[in-house]
Amino acid sequence: MSVVTVQLGQCGNQVGQEFFNVLCNDSSNAKDKHYKDCSHERFFREGPSQDLRARAVLIDMEPKVISQTIAKAVKSDKWRYGEKSHFCQKQGSGNNWANGFSVHGPKHEEVVQDLVRKEVEQCDRLTGILTMMSLAGGTGSGMGTYITQCLRDTYPHTSILNHVTWPYNTGEVIVQNYNSILTLSHLYQFSDAILVHENDAVHKICAQLMNIKHISFNDVNKVIAHHLGSTLQPVYSTSSSCYSRNPIGEFMSSLVNHPEYKLLSVRNIPQMSSTSLAYSVFHWPSLLKHLRQMLIANARMEEGIDWAVRARSVSISDKGRTTREPGFNKSLANLLILRGKDVSGAEIGGFKDPALYVPWLPVESAFSSWSSSVPFSGYEKSATLVSNSQSLLAPLNNMVGKAWNMFASRAYIHQYMKFAISEEDFLDSFTVLEQVISSYSQL
Amino acid sequence: MTQSIVVQVGQCGNQVGCRFWDLALREHAHVNKKGIYDEALSSFFRNIDTRKNDGGASQITGGKISTLKARAVLVDMEEGVVNEILQGPLREVFDSTQLITDVSGSGNNWAVGHWTYGSAYRDQIVEQVRRAAEHCDCLQCFFLIHSMGGGTGSGLGTYVLKLLEEEFPEVYRIVTSVYPSAEDDVITSPYNSILAMRELTEHADCVLPVENQSLVDIVNKIRHMAHSGKGVSAIKKDCTVISSQGGVSGVEKPFDGMNNIVANLLLNITSSARFEGSLNMDLNEITMNLVPFPRLHYLVSSLTPLYTLADVNIPTRRLDQMFSDAFSKEHQLMRADPKHSLYLACALMVRGNVQVSDLRRNIERLKPTLPFVSWNQEGWKTGMCSVPPVGHTHALLALANNTCVRPTFMDLRERFGKLYRKKAHLHHYLQVEGMEQACFTEALSSLSSLIEEYSQLDATKGICMPDTSRLSIAT
């Protein structure tokens, strides 16, 4: 069972390249042959000289990033992209979502569909499509949205997971909030799930956990790739005593049990620089205790967690009124993935606590766990938690608020109108996302 | 990769243009050691096989550099400057088909440049530009370089701008306009500037105004520092922004220092479109991010480091200084104080050895000191290009859409008023065919409404605007 990845725009291509690097390094170093084979079959195919070729399609509207990405893969000397599985044009979308969505998308739909189809035809069985893009720019966000829509039509029964990189709060692209709300509101209608990585959160991980002084985009992308790899590498299924065959499908059914709720976030523990890793010893109870509190207190890393936050949705104040527990991040669903030594002995009961979840879903359908005894990427033990929770509510609310403020003055709207996106389109997007915000806040 | 065409009009436009071509060649020679005609070079140069005598039609797409030709159209209504170019060391990069000249000049009269020469040379200009465009496989942008005060640059330059819009509506038009000093020796420069301003406001995608006086000040300050001995250790003469060393032109001419600054502005603004980087910033992203309303497209630029030059090992503090300097009055290419006016949007384009964490740290540090318009509190755009300018390890170009352009415009309007009230020199303009009194009044009201738009935004500075109440939905 294989996954076809579609990398779109500068960010999507750079993250994608790191993603395949992580996958390839991890599986090539794995001692378990089944794990290795399963991972290879999932993400790579065999090239002409029995080398590894990523099951990926690279799309960008300008050539610089694509050629860099392809060259970097070749340089790894372990895997590469397919000879003809990329498509680029000469002129980028200029940070304009409308340009990507209304112009480049429709114009190049056929070529892109063709590239994806060729990749799909080389899979014995397709389990899902993973798209990678940023929310902020023009090509990834605008064209990525359009292409997702096309893929949805062509592959109605295949799961589509959209991985999106959420821009820094400040200072990447000025119209990033517009581009982001247009992307999210459209994706919400036809994606199965939207997996989010926030640049700000990842940047902090680089600074505080990885101890990197001068953080580059490469460092940020490596952390994202690590999270994605630890989520999507093979896991062992005890029921059928083999490596699970349908990762994306099972991923969706574990996490997205209601169409109103599709925003997923990832937490991973432990993460540290390779120098500290060599001197560290990990224990499951401590790792899981931290991870659980990271979930409850909505922290993205094990440093600086607020231990005072408790998993209670309501607390009775002294006047007898019920109030929400401040800072508590309520979940709709969680998927816990454990990798490494002694996984079978790890105690995961803490994640089955009904207080973590909404009352209208039984815990059995809200929580699932996967495990594999193969250590991931050099970590003797590691745990990844993918959550459908209120975690992204604040950033989303913040983003919609800023976009709305800008929209109220009609700033920059003329740039979108040039490419057939009207004020009504904006209003529709705002409506969709206000609905999402309202749904998540009522959990 | 996309290509751009430079259209340089008038004496000033051509002099600045030449400094640009010289320094562009120097920059590419510095980066491109193997002499291969690469994508980066192709953005401003064609590679021609001169052995084939077909008028330069045979382009070489890959391989070795043979003969480089600038993607440029040179227009001047007198022959002096262009002839000088043709006799100088840069003659190789142009051929005669790229030049349009006349002999008599526009006599510092916008109307002569715009209407008389405009209609006389229209077809020829369109033809030349079209030919240059045919040599591009993806033409993205026109860079128009001209001055505002004279007759040809100002009058014919803005006529060309209109032509470009008519003939190539899809191609971006970025205009570098050199504004006259208050003590300009051209008496009619306020007329010319204001007549030209209206065309810029209506037909350009964005304008990079550069004030002559600021360039004079910067050059004087650098020369002063170099001569007084102060900071000698910090200044390597051969790599300041005013230096031409390493270019093909040997002898420095009087205005070269000033023109080099503008040339560096153009090199930096296009660097991310030419070279690779971890966060590319293409030319079409400039207007998208920095122009919230179509008419308010005047971008104030600043270059750093300007006065001191860093050594190879830069302490963090020095790098941070570069970011602070970009917002100081002394580093603006206009006499303006962005820090005490209102920002609508701001772009930071860094080159060289700068990481995203350096950018983030500095934005966080500077943000509280800079007033931004209420609906764009996070109005920062960043670009990162890995290739630094020649002689530097890193450099920064800041572009700001800021209400600080207003004083310069108001000043111009006042000087215009002084002449216009007395109807001084008006008859010289009105006798030109195509020119009417209405041109003056319309240009004036266009400028006044532009000033008014900036004023209204500026007035919101410091006032705490409540967030607009959000869209409510039925739950």
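## Salt bridges and polar contacts between the chains

Between chain A and chain B there are 3 salt bridges, where a salt bridge is a side-chain nitrogen of Lys or Arg within 4 Å of a carboxyl oxygen of Asp or Glu. Arg470(B) pairs in this way with Glu434(A), and their closest N and O atoms are 2.6 Å apart. The interface of chain A and chain B also has 26 residue pairs in polar contact, both residues being at pLDDT 80 or more; a polar contact is a pair of N or O atoms within 3.5 Å, where within protein one must be able to donate a hydrogen and the other to accept it, and residues adjacent in sequence count only if both atoms are side-chain atoms.

Which elements give two or more residues to the side of chain A that touches chain B? They are helix H1 (9-29), helix H3 (63-76), helix H13 (393-408), helix H14 (413-417) and helix H15 (423-441) of chain A, where helices (H or I, at least four residues) and strands (E, at least two) are DSSP runs numbered from the N terminus. The largest share of this side, 8 residues, comes from H13(A). By class, the side of chain A that touches chain B has 18 nonpolar, 25 polar and 8 charged residues, with Ala, Val, Leu, Ile, Met, Phe, Trp, Tyr, Cys and Pro counted as nonpolar, Asp, Glu, Lys and Arg as charged, and the others, Gly among them, as polar.

## How the model is read

This is a predicted model, in which local features need pLDDT of at least 70 and side-chain atom pairs count only at pLDDT 80 or more, while totals for chains, interfaces and linings use all residues. Residues are numbered from 1 along each chain as its sequence is written, chains are lettered from A and ligands numbered from 1 in the order in which they are written, and side-chain values use heavy atoms, with hydrogens and water left out.

## The area between the chains

The size of an interface is often given as the accessible area lost when the parts come together. Chain A and chain B bury about 4,400 Å² between them, 52% of it on carbon and sulfur atoms, where buried area is the accessible area (1.4 Å probe) that two parts lose on being put together, summed over both. Lys64(A), Thr170(A) and Ile174(A) supply 16% of the area that chain A buries against chain B, more than any other three residues. The contact, meaning heavy atoms within 4.5 Å, takes 51 residues from chain A and 55 residues from chain B.

## Salt bridges within each chain

Over all chains, the structure holds 37 salt bridges. In one of them, Arg300(A) pairs with Glu198(A), and the closest N and O atoms are 2.3 Å apart. This pair links distant parts of the chain, for Arg300(A) is in the loop between helix H11 (284-296) and strand E13 (314-316) of chain A, and Glu198(A) is in strand E9 (residues 193-198) of chain A, 102 residues apart. Arg300(A) is buried, with a relative accessible area of 16%, and Glu198(A) is also buried, at 13%; buried means under 20% relative accessible area, exposed over 50%, and partly exposed in between (1.4 Å probe, protein chains only).

In chain B, the side chains of Arg131(B) and Glu127(B) form a salt bridge with 3.3 Å from N to O. Because Arg131(B) and Glu127(B) are 4 residues apart in helix H4 (residues 110-134) of chain B, about one helical turn separates them. Arg131(B) is partly exposed, at 32% relative accessibility, and Glu127(B) is partly exposed at 42%. The side chains of Arg295(B) and Glu453(B) meet in another salt bridge, at 3.1 Å from N to O. Arg295(B) lies in the loop between helix H9 (284-290) and strand E9 (300-304) of chain B, and Glu453(B) lies in helix H14 (residues 437-458) of chain B, so the pair ties together parts that are 158 residues apart in sequence.

## Two domains of chain A

The domain assignment of chain A, whose bounds come from an automatic or database assignment, gives domain 1 (2-266), domain 2 (269-389) and domain 3 (394-441). The C-alpha centres of domain 1 and domain 3 of chain A lie 25 Å apart, and their contact takes 28 residues from domain 1 and 25 residues from domain 3. These two domains of chain A bury about 2,400 Å² between them, 70% of it on carbon and sulfur atoms.

Between domain 1 and domain 3 of chain A the count is 0 salt bridges, whereas 12 residue pairs are in polar contact (both at pLDDT 80 or more).
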